[in-house]
Amino acid sequence: MGSLQWFVFLLSSSLAIPIVIGQTFQLSAQETAELMQRTFFVVGIASFLQGWLGHRLPIADGPAGVWLGIFVILGGTVGLDSGAMLQSLEGSMLIAGLVLFLMGITGLIRRMMTLFTPLVTGVYLLLLVFQLSGVFLEGMIGLGADGLDSVSALLSFGVLILIIFISVKGKGSLKDYSVLLGILVGWTAFAWAGRLPESPQSEGWIRLPELFAWGVPRLEGGMVITGLLIAFVLMSNLVATVAAGEQVIGRRPEEARRALDQGGIWNGVANGLAALFSTVGTIPLSSSAGFVRLTGLKKLRPFLIGCLVMVGVSLFPPLMSFLAGLPEPVADAALLASFLQIVSIAVGNITREPLDDRRNTILGISLMIGVGIMFVPSTAFASLPSVLQFTLGNGLLTGTFLAILMERLWRGKKNESP
């Protein structure tokens with residue numbers, strides 16, 4: 001049952017991304033279904049490798065938001081050949097994967113851990129919640145050209161309330177399976193209301209994912225630089241996620257440092273696999289820490305089995321077609337419930353030491369600028385190069401980098417431990 005819950009979490013975390021990419025690059029329904037298969041396959045493999053050989057924590061890998069942002073920005077650029085752009089993105093993911101692999105081998109990621117003090121980690125997690133909660137809410141209310149869908153909103157908020165209620169008031173195994181029960185009830189309710197999405201047609205019983213479905217990777221100057229920059233963004237994400245996971249699981253600091261190097265190596269491999277199978281590069285998901293706290297699934301074995309189930313399911317087109325019928329509002333409600341625990345972890349990190357004038361100032365400036373950028377129209381950065389468009393236009397990255405910079409330049413009376 002625990003493995004099934006992990007499988008559902010992996011599924012719900014990856015379900016919407018192929019649909020977004022398909023709409024951005026105007027892929028056909030069949031191409032989008034194949035992209036979904038490749039995404040599930042890579043997510044399952046990457047998560048298993050991290051749990052088995054990498055950071056060895058029950059932390060799921062999923063499509064990285066930083067990569068999704070680059071895909072959306074470049075896909076919306078007028079006058080560019082979408083096929084050539086997808087091949088360039090494959091090359092960029094290869095570069096990022098190689099850089100992460102080398103940083104893990106050389107121990108650079110472990111040394112970077114000192115930058116992520118409890119205050120920086122708390123700022124990062126709070127900004128992550130602020131950035132993604134709006135996305136989840138839009139999905140829950142079925143926001144479209146005609147406004148919100150009242151039926152979808154009512155059912156999805158019912159799922160959210162049910163998961164929270166079971167996780168707080170439930171006892172024993174009932175509490176452990178709150179997310180799975182919520183998704184099953186929500187899926188049934190959407191079916192009863194006639195709101196299930198149309199599933200793509202399946203072809204055959206077994207199908208292996210296609211290699212280089214977008215063509216042979218292309219290495220271009222601008223995209224090589226993009227890959228280098230994104231590698232450092234993924235590294236900072238990895239450090240913050242492992243720190244949150246360690247806090248929930250309860251590992252010793254020396255174990256965390258070793259886990260970071262291994263995590264970087266295998267995250268590099270995962271991004272290489274994403275390029276190989278023409279999908280979006282992955283990163284360990286910070287929401288996994290909230291999921292673990294919500295369900296109590298701290299053991300590694302159920303997580304690894306759930307990853308293998310994810311890989312196995314991706315090879316069977318009929319199962320893929322069935323799972324593609326999971327309503328997006330239900331998946332978004334389950335993810336939003338997990339983010340409640342992320343808020344708790346963030347506040348715990350921030351208040352680990354007294355909030356003096358220095359820490360209050362760093363916290364306030366980082367949150368104000370980070371959240372403020374989230375409300376600035378993306379057109380404000382349209383005149384900048386695509387890399388700067390995403391970096392400066394992303395409140396999560398800007399706020400986190402500001403917190404790191406101020407923590408290093410403005411030293412307190414007592415240095416914080418990472």
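Axes here are lines fitted to C-alpha atoms, for helices over the stretch in contact, and angles run from 0 to 180 degrees between N-to-C directions. This is a predicted model, in which local features need pLDDT of at least 70 and side-chain atom pairs count only at pLDDT 80 or more, while totals for chains, interfaces and linings use all residues. Residues are numbered from 1 along each chain as its sequence is written, and side-chain values use heavy atoms, with hydrogens and water left out.

Q: Why are α1 and α3 called oblique to each other?
A: Helix α1 (residues 2-14) and helix α3 (residues 29-52) pack at about 130°, and their axes are 10 Å apart. Angles under 35 degrees count as roughly parallel, over 145 as roughly antiparallel, 65 to 115 as roughly perpendicular and the rest as oblique. The pair α1 and α3 is therefore oblique.

Q: What makes up the contact of α1 with α3?
A: Contact means heavy atoms within 4.5 Å. Leu10, Leu11 and Ser14 of α1 meet Thr39, Phe40, Val43 and Ser47 of α3. This contact has four nonpolar, three polar and no charged residues, where Ala, Val, Leu, Ile, Met, Phe, Trp, Tyr, Cys and Pro count as nonpolar, Asp, Glu, Lys and Arg as charged, and the others, Gly among them, as polar.

Q: Why are α1 and α16 called roughly perpendicular to each other?
A: The axes of α1 and helix α16 (residues 328-350) come within 9 Å and cross at roughly 110°. That angle puts α1 and α16 in the roughly perpendicular class, therefore the name. Phe9, Ser12 and Ser13 of α1 make the contact with Ala331, Leu335 and Ser338 of α16. By class, those residues divide into three nonpolar, three polar and no charged.

Q: What makes α2 oblique to α3?
A: The axes of helix α2 (residues 16-24) and α3 cross at roughly 140° and come within 9 Å. This makes α2 oblique to α3. Pro18, Ile19, Ile21 and Gly22 of α2 meet Thr32, Leu35, Met36 and Thr39 of α3. The contact of α2 with α3 has five nonpolar, three polar and no charged residues.

Q: How many cavities of 30 Å³ or more does the count come to?
A: On a 1 Å grid over the protein atoms alone, a cavity is a set of points where a 1.4 Å probe fits but cannot get out, and lining residues have an atom within 4 Å of a point. The count comes to two cavities of 30 Å³ or more.

Q: What lines the second largest cavity?
A: The second largest cavity holds about 30 Å³ of space. Its lining consists of Pro58, Ile59, Gly245, Val248, Ile249, Ala289 and Val292. Two or more lining residues come from each of α11 (221-249) and α13 (287-295), and α11 gives the most, with three residues. By class, the lining has six nonpolar, one polar and no charged residues.

Conventions: Helices (H or I, at least four residues) and strands (E, at least two) are DSSP runs, numbered from the N terminus. On a 1 Å grid over the protein atoms alone, a cavity is a set of points where a 1.4 Å probe fits but cannot get out, and a pocket is an open set with protein on both sides within 12 Å along at least five of seven lines; lining residues have an atom within 4 Å of a point. Grid points are joined across faces, edges and corners, and a volume is the space filled by probe spheres set on the points.
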